[in-house]
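Biologist: Can you put the model up? I have a few things to ask about it.
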Amino acid sequence: MTHDLNRRTLLKAALGSAGLSALGSLPAFAQDARVRLYWWGSKERADRTLKAVSLYQERNPGVKIDGETLAWGDYWPRLATQAAGRNAPDLIQMDYRYVAEYARRGALLPLDEFLGKSLDIGDFDKASLDSCKVDGKLYGINIGNNSNALIYNKAAFQKAGVPEPIDVTWDKFFELAAAVTKAHNGEYYGTSDGSAEEVAFENWLRQRGKALFTEDGKLGLDEKDASDWFAMWAKAREAKACPPADLQALDKNNIETNLLTQGRAACAFNHSNQYVGYQVLNKNPLGVTMYPQGAGPNPGHYLKPSMMWSIYARSKVAEPAVKFANFTVKDVDGAKLLGVERGVPASPKIREAVSAELDAQGKLVVDFISHVTPKVGPIPPAPPKGAGEIQTMLRRIAEQVGFGRLSTADGGKQYVSEAQAILSRA
Amino acid sequence: MTTTAQIPLTITEPEKRSKRRGGLSRTLVSYSFLAPWLIGFLGLTLGPTLASLYLSFTNFDLLQDPQFIGTANYQRIITNDVKFWHSMQVTFTYVILAVPLKLAFALGLAMVLNRGIAGLPLYRALFYLPSLLGASVAIAVLWRQLFAKDGLANVALGLFGIQGPSWISDPNYSLYTLVLLSIWQFGSPMIIFLAGLRQIPPDVYEAANIDGANKVQQFFKITLPLLTPVVFFNGIVQTIDAFKAFTPAFIISEGTGGPIDSTLFYTLYLYQEGFAYFRMGYASALAWILLIIIACFTAFSFLTSRYWVHYND
């Protein structure tokens, strides 16, 4: 099997370097600082990032930035492999889920020493800074904030004569969704099945006053919570508000295969910054709103860094890497090139400058964040080791319930017992 | 090397030395030709393999230095890992179905092609094509489209009034779509069977015809026995390949082994443990268990081969 792994990895390396050589038309000189930049995301993101890179290189002739990009699923295995080979990229796009994992294993550089010098992010609000800290040290530079967002096909609701699902309760949401399905003769569903989406599950748990994980890294929910969640979606499935399991299984957890993009369902559970990426792939105009609300006053939403820049602990070009990162979040021209595709900038000055020139879609995202901000709760603690495995596990159990192989009650039991086993092992 | 032994005792000292030098330089030359492979083998195969043996006794997590933990990984795999047994079951189902079906299909087609139809090289090339493309990402992606709920397969079934299931996203069928994909790549065993069939002397069939043996009798009494060395070879190669299958499941399920772990091949599970969950030590132990299983299978095949493989000598 190593044979196949190698071939795949090699292929990617080849593709990556082909991209690099296309990118680096300028000859590099010995005294150049070469910074390896690594991010995940769509083509839209790659286009924006590469534009920012070339502008920066134009202004800083001594610096050469080599970009590498992969899809989310391939991104982390490759980063882990490179880190194991002590050859990780200098500037790494980091996710809230992984920052603690990498930082605590000593793979990331604490950025506190750069603060106020090459890293000029003093005007970030406290929440935007704290969310990038692990054990009191700064390990990430907030590229933009986002929040959970329901992305939906406006036309599907209009055509059905159903009001858009803006700030509704879960019950109302499923009612609207079922009406959309009915209006499309059952061939197009009101919403995708969100039972496997951990973001939706977490939001819903917070509305119940629970959480995925507690401060000390234990499981923050019980069997009843999980089985109620599965039961809610089982009911929606029965009412044809969301598609049956065999259709939902086509969703491979990315924008391209989400049932909204595939033209099979009207709503997708996602993050606000992904709206831009969705709109690029969808012909119909999309709307963005909050996830359905709970009955109580507990907020499900929170603001989080949609992603951050981190520096590899062994990087020999940490200083130039920090400078480029600073360029993307604090230089008006650099930040404008990235837009709000990575989230809404944390710096007020930059946010204002970027908003002024946004297209309609970008404005929608900024407006959404302003709309959500007064309604959010605190950011949950950084997830414990094993959280990634639990996310995959939720998908599997939700599918088992969806296909009728587990009852909703047993689904809840199994989720809790497997999650505890994973946490105790990690 | 052997030249030294063949040197007659009568020759004088200087001559002897020069001959020896010639032998040495010839050895060097042969090693230099071997070098590209040898370096690759030592550096890219043997080295990492031995390293993984060591890592399988550690808790290596890719980022921190590995710590020796004895046989804990192996103990957990055997006694306390549901996914290990599940992925074993998936893999064995795949091997047991895919290998015989593929071989049968390859042999059947080889026999048709062996009847001397016009344009044989063209057909041979065409049938071989899927094997060249087989492990590629593009084919797996194509397969995903073909067997989706409204994919081509179901459109074809629809012509006969059959409402097909959602093949790749229904856990009841997803593994069988992968078996089908494997059978479709029958090209390389077919080529080898074809070569084997060519080796069977036609006069044996003539004699059988004169004795009044029909086609079925001829197949079971002549073709199959004389072909057993080729069947043996193909069987071993295909079995090892099937145990190691990774790419199709990885692409079709986007690395998840889903839906509901129905395509969680052993190698995919190993990959997840190592690269998605940072448990490289554990993954190394899994890899060694697979190696041992494959070795046992191969050894078993060799041991039993003398009872059913007939060499023509």
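Biologist: In which sense do strand 1 and strand 3 of chain A pair, and over how many bridges?

Modeller: Strand 1 of chain A and strand 3 (residues 91-94) of chain A pair in the parallel sense over two bridges. Strands are DSSP runs of E, at least two residues, and helices are runs of H or I, at least four, both numbered from the N terminus; two strands pair if DSSP finds at least two bridges between them. This is a predicted model, where local features need pLDDT of at least 70 and side-chain atom pairs count only at pLDDT 80 or more, while totals for chains, interfaces and linings use all residues. Residues are numbered from 1 along each chain as its sequence is written, and chains are lettered from A and ligands numbered from 1 in the order written.

Biologist: Which residue is the bridge partner of Leu37(A) in strand 3?

Modeller: Leu91(A).

Biologist: Why is strand 1 of chain A largely enclosed?

Modeller: Because six of its eight residues (33-40) are buried, meaning 20 or more other C-beta atoms, placed from the backbone, lie within 10 Å of a residue's own.

Biologist: Switching to chain B, how many helices and strands?

Modeller: Chain B has 14 helices and zero strands.

Biologist: And which domains does the assignment give?

Modeller: Domain 1 (2-47) and domain 2 (82-308) of chain B; the bounds come from an automatic or database domain assignment. Their centres, taken over C-alpha atoms, are 43 Å apart.

Biologist: What share of chain B counts as buried?

Modeller: 32% of the 313 residues of chain B.

Conventions: Buried ≥ 20, exposed ≤ 12 C-beta atoms within 10 Å, placed from the backbone.
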